[in-house]
Amino acid sequence: MKDSLFLEIIKAEYLDGYRIKLWFNNGRTKVIDFYDLLDGEIYEPLKDISNFKDFSIKFNTIEWKNGADFAPEFLFEYEKMENKVAEPQAEYQATTKSAESAPVLNAHNKEEFPPAHTAEHLLNQTMGRMFGCERSRNSHIERKKSKINFQLDRPLTADEVAEVERRINELIAADLPVTYEFVTRDHIPEGVKLNKLPENASDTIRIVRIGDYDICACLGTHVASTAEIGNFRITSTSFNDGSFRIVYKVAE
Ligand SMILES: [Zn+2]
C-alpha cells in the first residue's frame, strides 16, 4: 500500500446508471452512486449520461470534462454517511438479504413528485407506441418541471408533440388505476424490461401497471389513479445528437 499523507483517487471506472467505482490510494475501493450528488450548476450537465461518463483522473481525483469534480475525502466519507463503510477491495454489496415474509426492495433513489412521476410512465409508454423508442433512462422529475430524454434519430414535429400531449391527457381523463404486484426476478410478466433497475436490485421486483396501458418495474411513488395527475403540458422540447428532450409540467 502506498503511504501518502493525502487521500487520492487513483483510478475510476464507469459501471452503470450514475455509478462509478473508485480506487483510493489507501487500498480501498468503493462504488458511489452519484445521482444524489449532481445538484448545482456545475454538476447539472452531468445528469446527461453521456456527459457523466466523460471523466478522468486529474489532480488526484475524479474530474469531468466540464471541470466538475469532488474532493477525494468527500467521496471517501460519502458512503460512510449512509452507513456503508468500505472494506479493503470489497465489492459493492447489495443490502437485500431477504427477510422472512415481506418482500425486500431496494430503496428508490429519490422521492419523486408522484403526479409527475406517474406521468413519466405514461409518457414512456406513449413515446414507445408512437415512435418505437425505448423507455427513457435519463429523466429528472420534479414538482415544478420535469425533463426526460428519449433516444430518437430526429426531433418530433410540433404536431407530433401536440399529439403526445393530447394522448396523455386522454389517459388522465380516463382515470386509469395504478396497481401493484410483487414478483420474483424469474417470474417477470412479459413486456417488462428491467434495464432501468440497478444491477444490485433485490430479487423481489415490484411491477406497476397503469390500467392496461402501461406495465413496468418501478419502486417510485405514484398516484392512485391517473385523474390525480390533473393535466399534462409539454412546455418545451429540444433535440441534440440523437437525444430528444421533453420538458413537461403536471397539474398546476
Ligand atoms: Zn414509477
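In this predicted model, the helices α3 and α4 pack at an angle of about 130°, with their axes 10 Å apart; axes here are lines fitted to C-alpha atoms, for helices over the stretch in contact, and angles run from 0 to 180 degrees between N-to-C directions. That angle makes α3 oblique to α4, because angles under 35 degrees count as roughly parallel, over 145 as roughly antiparallel, 65 to 115 as roughly perpendicular and the rest as oblique. The crossing of α3 and α4 is right-handed, a crossing being left-handed if the near helix is turned anticlockwise from the far one by less than a right angle, and right-handed if clockwise. On the α3 side the contact is made by Ala119, Leu122, Leu123, Thr126 and Met130, and on the α4 side by Val164, Arg167, Ile168 and Leu171, where two residues are in contact if their C-beta atoms, placed from the backbone, lie within 7 Å. Apart from its neighbours within four places in sequence, Leu122 is in contact with Ile168, Leu171, Ile210 and Asp214.

Residues are numbered from 1 along each chain as its sequence is written. The model being predicted, local features need pLDDT of at least 70 and side-chain atom pairs count only at pLDDT 80 or more, whereas totals for chains, interfaces and linings use all residues.

The protein contains four helices and 12 strands, helices (H or I, at least four residues) and strands (E, at least two) being DSSP runs numbered from the N terminus. Of the 252 residues in the protein, 22% are buried; a residue is buried if 20 or more other C-beta atoms lie within 10 Å of its own, exposed if 12 or fewer, and partly exposed in between, with C-beta atoms placed from the backbone. Among contacts between residues at least 6 apart in sequence, 58% join residues at least 24 apart.

The largest nonpolar core has 21 residues, and those with the most contacts inside it are Ala119, Leu122, Leu123, Ile168, Ile229 and Phe232; such a core is a set of buried Ala, Val, Leu, Ile, Met, Phe, Trp, Tyr and Cys residues joined through C-beta atoms within 7 Å. At least two residues of this core are supplied by each of α3 (114-131), β7 (146-151), α4 (158-173) and β12 (243-250), and the largest share, five residues, comes from α3. A second, separate core of eight residues includes Ile20, Leu22, Leu75 and Phe76.

Strand β12 has a covered face, formed by Phe244, Ile246, Tyr248 and Val250, and an uncovered one, formed by Ser243, Arg245, Val247 and Lys249. In a regular strand the side chains alternate between the two faces of the sheet. Strands β7 and β12 run antiparallel and are joined by six bridges, two strands being paired if DSSP finds at least two bridges between them; Lys147 has Val247 of β12 as its bridge partner. Strand β11 (residues 232-240) also runs antiparallel to β12, with eight bridges joining the two. Within β12, Lys249 is the bridge partner of Arg233, and Arg245 is that of Ser238. The hairpin of β11 and β12 has two residues between the strands, and in this hairpin Asp241 takes a positive phi near 50°.

An open sheet of three strands has the order β1-β2-β3, with antiparallel pairing. Its edge strands, each pairing on one side only, are β1 (9-16) and β3 (29-33), and the twist averages 25° from one strand to the next. Six bridges link β1 to β2 (residues 19-24) in the antiparallel sense, and Tyr14 has Ile20 of β2 as its bridge partner.
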